[in-house]
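Hi,

Here is the structure I promised to pass on to you. Could you have a look at it, and then read my notes below?

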Amino acid sequence: YSNPYLNPYREFQQWKHHPDVAKHLKGGECIAYGARCLNEGGYHAIPKLTFPGGALIGCSAGFLNSVKIKGTHTAMKSGMLAAESIFDVVSDESAATGVEVTEYEKKVHSSWIADELKVCRNSHASFHTPLGLMGGMVHTALSSFITKGKEPWTLTSTTRDCDKTKPAAECSEIKYPKPDGVLSFDLLTNLQRSGTSHEGDQPAHLRVKADKAHIPEEISITKFAGPEQRFCPAGVYEYSEPTPENGNKRELVINAQNCVHCKCCSIKTCDQFIKWTVPEGGGGPAYTVM
């Protein structure tokens, strides 16, 4: 999306009040909350799957079927293929340590994982053509039900999500209604339902890249109105009010303890200035029914 004032969390809360949606939620109870970016690159975005001593499996490798929004089955299958490939290697007593199990990648590309992802290989890229939304819907229907991914062309989307954000001066600020506490909820109330927890004395796992340290205060907040304040579904990012002590600048504050590990900040921040690292001690959301 291009408008830096858009707030995905509040858009979702507002959507729940649509009559056709609200009627299904009436009388229900919100029992959990979570958020996750979907790696929708699909078949064309699958990276090299092996390296010495390890392999990429499941969602970390991008095996999500982005049309069905399903990936558990492909993740499980990739784990089975990895296990088979690794077993063959560790069973060989002469195998060296830190070996690269290249057979795993071959098995993935010759399995139904690849066959399924090839069907929707052009689907999401089709929405980023000059034909827009309707063109994408028509192409997705064509490839999903008729050509089955065998169309003789490959569509590409080469613009990063962060580069699609327009300057705040070119956009209108969006006013959202207050949550009613029944169908819609404020962010911090929902955040409690995620069970997220990080040790308070550990180093922040969300870090501004050293070569882009100037971006938050000099570009993001001044030119783009700090979109990370809005797209983060956990209230991790906020900007301080300007004071004489800080040179009347609005400084970025990172509340890393709130993080639900959605990975959005490493994708959508201006020039991707955030480096997402693994937190200590397995900290993060404690999803139970999601």
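Let me begin with a term: a salt bridge here is a side-chain nitrogen of Lys or Arg within 4 Å of a carboxyl oxygen of Asp or Glu. Please keep in mind that this is a predicted model, where local features need pLDDT of at least 70 and side-chain atom pairs count only at pLDDT 80 or more, while totals for chains, interfaces and linings use all residues. Residues are numbered from 1 along each chain as its sequence is written, and side-chain values use heavy atoms, with hydrogens and water left out.

**Salt bridges**

By that rule, the count is six salt bridges. One of them joins Arg160 to Asp271, with the closest N and O atoms 2.9 Å apart. This pair links distant parts of the chain, 111 residues apart: Arg160 is in the loop between α6 (132-147) and α7 (187-192), and Asp271 is in the loop between α10 (265-268) and β6 (274-276). (Helices are DSSP runs of H or I with at least four residues, strands are runs of E with at least two, and both are numbered from the N terminus.) Through salt bridges that share partners, Arg160, Asp163, Lys212 and Asp271 form one network.

How exposed are the two ends of that first pair? I call a residue buried under 20% relative accessible area, exposed over 50%, and partly exposed in between (1.4 Å probe, protein chains only). Arg160 counts as partly exposed at 31%, and Asp271 counts as partly exposed at 29%.

Another salt bridge is formed by the side chains of Lys48 and Glu100, at 2.3 Å from N to O. Lys48 is exposed, at 52% relative accessible area, whereas Glu100 is partly exposed, at 26%.

Lys107 and Glu84 also form a salt bridge, their closest N and O atoms lying 3.7 Å apart. It connects helix α4, which holds Lys107, with helix α3, which holds Glu84, across 23 residues of chain. Glu84 is partly exposed, with 39% relative accessibility.

**Helix α5**

Which residues of helix α5 (residues 112-119) are buried? They are Ile113, Ala114, Glu116 and Leu117. These four lie on the same side of α5, because they cover an arc of only 165 degrees around the axis (the arc is that of the directions from the helix axis to the C-beta atoms). As a reminder, an α-helix has 3.6 residues a turn, so residues three or four places apart point the same way. The cover over the buried residues of α5 includes α3 and α4 (103-109).

**Asn39**

Asn39 sits in the loop between α2 (19-25) and β1 (50-51) and is partly exposed, at 30% relative accessibility. Leaving aside residues up to four places away in sequence, Asn39 touches Cys59, Gly62 and Leu64 (contact means heavy atoms within 4.5 Å). The side chain of Asn39 comes to 2.5 Å from the backbone oxygen of Cys59.

**Two positive phi angles**

Ile69 is not a glycine, yet its phi is positive, about 55 degrees. Ile69 lies in the loop between β2 (54-55) and α3 (72-90). Ala225, also a residue other than glycine, has a positive phi near 60 degrees and belongs to the loop between α8 (215-223) and α9 (228-231). Buried or exposed? Ile69 is exposed, at 54% relative accessibility, while Ala225 is buried, at 12%.

Best wishes

Notes
Polar contact = N/O pair within 3.5 Å; in protein donor to acceptor, adjacent residues only side chain to side chain.
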